[in-house]
Amino acid sequence: SAFKKGNESFSFGFWINLTSLASRGLFGNLQGGGTNRGYGIRIDGDSVLRFYCSSTGVLTTLNVDYQVVSGSSLTINTWGFVVGVYDSSSDLLKISVDGGTFNSVSWANGAYASAGTLFVGALDAATWFINGKMDSIFFYNKALSQSEVSALYNSGSGLDYSSLSASQLTSLVSWWRLNERSGTRVDQQGANNLTDNNTVGYALGKVT
């Protein structure tokens, strides 16, 4: 429930290293179908990284009840830093890759507050599992600024949870270091632990 937002600002981000740019779900409660979609970042069939957001729980090709903004492409077998932001004060949906300037699109409706389960590294429970690695995933109850994104990117080195400043902890809902070798991934900031689905493995991360 901590990630079902409605028309209020939120931000999330992660480090990711993929072995291919095939269609994959990266983060969100976007789901593969149905009427309980909220928001999420995924890679589509044209290898483009996109941030989708729906205010009604469905996606249509008419762009009436959802919006999408594209970001710079990731590079395979290379760590990339991805951040998605919904800013309710400026009515913007934004995406940044590797600490770069936001790509943005107007969007005043927020995300569907009754969206389904949050998934990391998949579109839903059955589709679009990533082939690759993720590290240092976070979620904020605010719209991160360009300077805040740059600080988290940290010139490409990233930050561990233990290194966050007091201001970087403000409005932070969850931070997953993903240091566990198997099983539940513990939320360092809150109580939103991630359940292991599809037998997630372990590898060296970007930051931790």
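Q: How many aromatic pairs does the structure hold?
A: Keep in mind that this is a predicted model. Rings of Phe, Tyr and Trp pair if their centres lie within 6.5 Å. On that basis, the number of aromatic pairs in the structure is 19.

Q: Is the pair of F3 and W176 stacked, edge-to-face or tilted?
A: Planes under 30 degrees apart would count as stacked, and planes over 60 as edge-to-face. The ring centres of F3 and W176 are 6.0 Å apart and their planes stand at 45°, so the pair is tilted.

Q: How many residues apart are F3 and W176, the two partners that link distant parts of the chain?
A: F3 sits in the segment before β1 (10-18), while W176 belongs to strand β11 (residues 172-176). The separation between these partners is 173 residues.

Q: Is F3 buried or exposed?
A: The cut-off to keep in mind is that buried means under 20% relative accessible area. F3 has a relative accessible area of 9%, so F3 is buried.

Q: What are the strands of F138 and W175, and how are their rings arranged?
A: F138 lies in strand β10 (residues 132-140) and W175 in strand β11, so their pair ties together parts that are 37 residues apart in sequence. F138 is buried at 0% relative accessible area, and W175 counts as buried at 1%. Their ring centres are 5.3 Å apart with 20° between the planes, and the arrangement is stacked.

Q: What is the volume of the largest pocket?
A: The largest pocket is lined by 42 residues, and the closest to its centre are V120, G121, L194, T195 and V200. Its volume is about 1000 Å³.

Q: Which strand supplies the largest share of the lining of the largest pocket?
A: β9 (119-120) and β10 each supply at least two residues of this lining. The largest share is four residues, and the strand they come from is β10.

Q: How many residues of the lining of the largest pocket are charged?
A: Asp, Glu, Lys and Arg count as charged here. The lining divides into 17 nonpolar and 17 polar residues, and the number of charged ones is eight.

Key:
Residues are numbered from 1 along each chain as its sequence is written. This is a predicted model: local features need pLDDT of at least 70, side-chain atom pairs count only at pLDDT 80 or more; totals for chains, interfaces and linings use all residues. Side-chain values use heavy atoms; hydrogens and water are left out. Buried means under 20% relative accessible area, exposed over 50%, partly exposed in between (1.4 Å probe, protein chains only). On a 1 Å grid over the protein atoms alone, a cavity is a set of points where a 1.4 Å probe fits but cannot get out, and a pocket is an open set with protein on both sides within 12 Å along at least five of seven lines; lining residues have an atom within 4 Å of a point. Grid points are joined across faces, edges and corners, and a volume is the space filled by probe spheres set on the points.
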